Structure formats: C-alpha cells, structure tokens
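Good morning, colleagues. Please look at the sequence and the structure as I go through them.

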Amino acid sequence: MTQVVVVIGAGSIGQAIARRVSAGKHVLLADLRQEGADAAAKVLADAGFEVSTAVVDVSSRASVHALVEAATALGSVTGLIHAAGVSPSQASPATILKVDLYGTALVLEEFGNVIAEGGAGVVIASQSGHRLPALSPEQNTALATTPTEDLLALPMLQPEQVKDSLHAYQLSKRGNSLRVMAEAVRWGKRGARVNTISPGIIFTPLARDELTGPRGEGYRRMIEASSAKRGGTPDEVGNVGALLMGPDGGFITGSDFLMDGGVTAAYWYGELAPAK
C-alpha cells in the first residue's frame, strides 16, 4: 500500500521536513489557501516527489476530518507534519487559541485515529512556550488531556485571563508540547510516535512578519543576545524533524525539542533575563 505523509501548513518548515522523509511516499500537502498549497506542491514535484494538495482549516473539525479521509483514500498514513499556525503579530488572542491550540489538538486527535503502525508525527511548536512561567500541575493536565471540544472553555483560557496575543501564543505553544506528550500515549497503542519541535527565530515569512512588526526590536535583541547570534533556517528544523520521524528516532516519543540558538537560555539565565 502507498505510504502517505500529510503536511499541514505549506510553509518552508513543513516543506523542509517533508523533503527529508517523503522519498518514495505520497505527500498530501494541505494549507488554508489553495494557492499556497499549489506553490509548495510545484516545488516538491519539481524535486521528484509525488504530491497532491488539499485545503484545510485546522480550526474546523469538519475540515480536518475531510483531510483525514482524503489522506486515507490515498494510502496508509505513516507521517504527519503539522506546521500550520498564526503568530502574535498576525491574529487576535482568540484566533491564536483557536488555530494554534485547539487546531493542534484537533489534528492530533483526528490523525491519531488513523496513523499507521510504525508511523510518526511532528508538531511545530515554538520557543515561546518555554518562556511562559511554570503552570500548575492541574493546568498542565487540563491542557494535555481536556477533550478537544472542551479545550477552549477552560477557565485559564478565557478573555479576562488571556489579554494579549503573545500570552495566547505562549499558552498555545506550551499546550502543544503538553498535548503531544499525552497523545504519545494514545499513538503508542497504535505503534506510532509523535513529538514536538520548538524552534526559535527561523527565517520564514512568519518570522519576517514578526521582525518587522511591533515586537521586531525584541526579536532582534533575542538574536543578538543568543549564543548562536543568528536566526535559524528551515533546513535546520528539517534535520531535527527527519531524526524524529525516521528510524534513528525510534526511541523518541512524547518529547519536545527546543532549538533556538540559545535564546531561551539567555532569557532565563543570561542577558535577556527579566529584571528581578
């Protein structure tokens, strides 16, 4: 049977991982916009990959379920790369929670129902989740295990608690890694694995929006204060994604991999540390 790798989010990070894990497999490339999916599909097809496209809104259960049906009609789903999302400069707190938090939970639930034995998934989270102060054990459990359709009703996620887009983003990305840890248990019963990658500033169109947006000065300071003193590239994220989805990562599941050039280290223990 044909092996299918589903890529949600047609941006450069999703493509970079797909190029490393999809040789000889069918890539189903899904994006919110057909033109985005088509442009990415042409690049992959010209590089020798078998590709088809779909439109998906990850904040809609019906839309995600339709993508699952399209994927399973093509073959056995052995890979999931979830790289769709919105950034703090692109959306309101409510939209960020619906797309980045609820949408990720929905994708993990729906594809966790069909992922093949031996399959693997990667969710792209963010360094932002590592800069949120520690949550209580009860809050961690709620983000990890609350039924998907009840997730946005949690008291900690209400407008009076989440008043700005950055806070919504940090909560969503922390929630992604917690959700993946819990889902790894369920995926494991199907013989499959799933992990998160938490990239720092990776030079993508989304990062350019942030660097030229209202938080641009802060982003530039993060780069200057980091050990690497530069942003990352999609290919570097692709290398980690390939490890996590391939045979060399067979003992890794339910884990989160922070790769940010040392920005989070500088935030907690270096030049970027908040004044005490």
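Predicted model: local features only at pLDDT ≥ 70, side-chain atom pairs only at ≥ 80, totals over all residues.

Three helices, α6, α8 (216-225) and α10 (263-269), each supply at least two residues to the lining of the second largest pocket. The residues that line the second largest pocket include Arg131, Gln170, Arg215, Tyr219, Met222 and Tyr267. Sorted by class, its lining comprises six nonpolar, three polar and three charged residues. The space within the second largest pocket comes to about 290 Å³.

Let me now turn to the largest pocket. What is its volume? The value is about 1,100 Å³. Its lining is made up of 46 residues. Those that lie nearest the centre of the largest pocket are Ala83, Ala84, Gly85, Gln90 and Leu206. Two or more lining residues come from each of the following elements: α1 (12-21), β2 (26-31), α2 (34-46), α4 (93-112), α6 (165-188) and α7 (205-211).

Which element gives the most to the lining of the largest pocket? That element is α7, with five residues.

I would finally draw your attention to α6. This helix gives two or more residues to the lining of the largest pocket, and α6 also supplies at least two residues to that of the second largest pocket. Thank you for your attention.

Terms used:
Residues numbered from 1 in each chain as written. Heavy atoms only, no water. 1 Å grid on protein atoms, 1.4 Å probe; cavity = no way out; pocket = protein on both sides within 12 Å on 5 of 7 lines; lining within 4 Å. Points joined across faces, edges and corners; volume = space filled by probe spheres on them. Helix = DSSP H or I, 4+ residues; strand = E, 2+ residues; numbered from the N terminus. Nonpolar A, V, L, I, M, F, W, Y, C, P; charged D, E, K, R; others polar.
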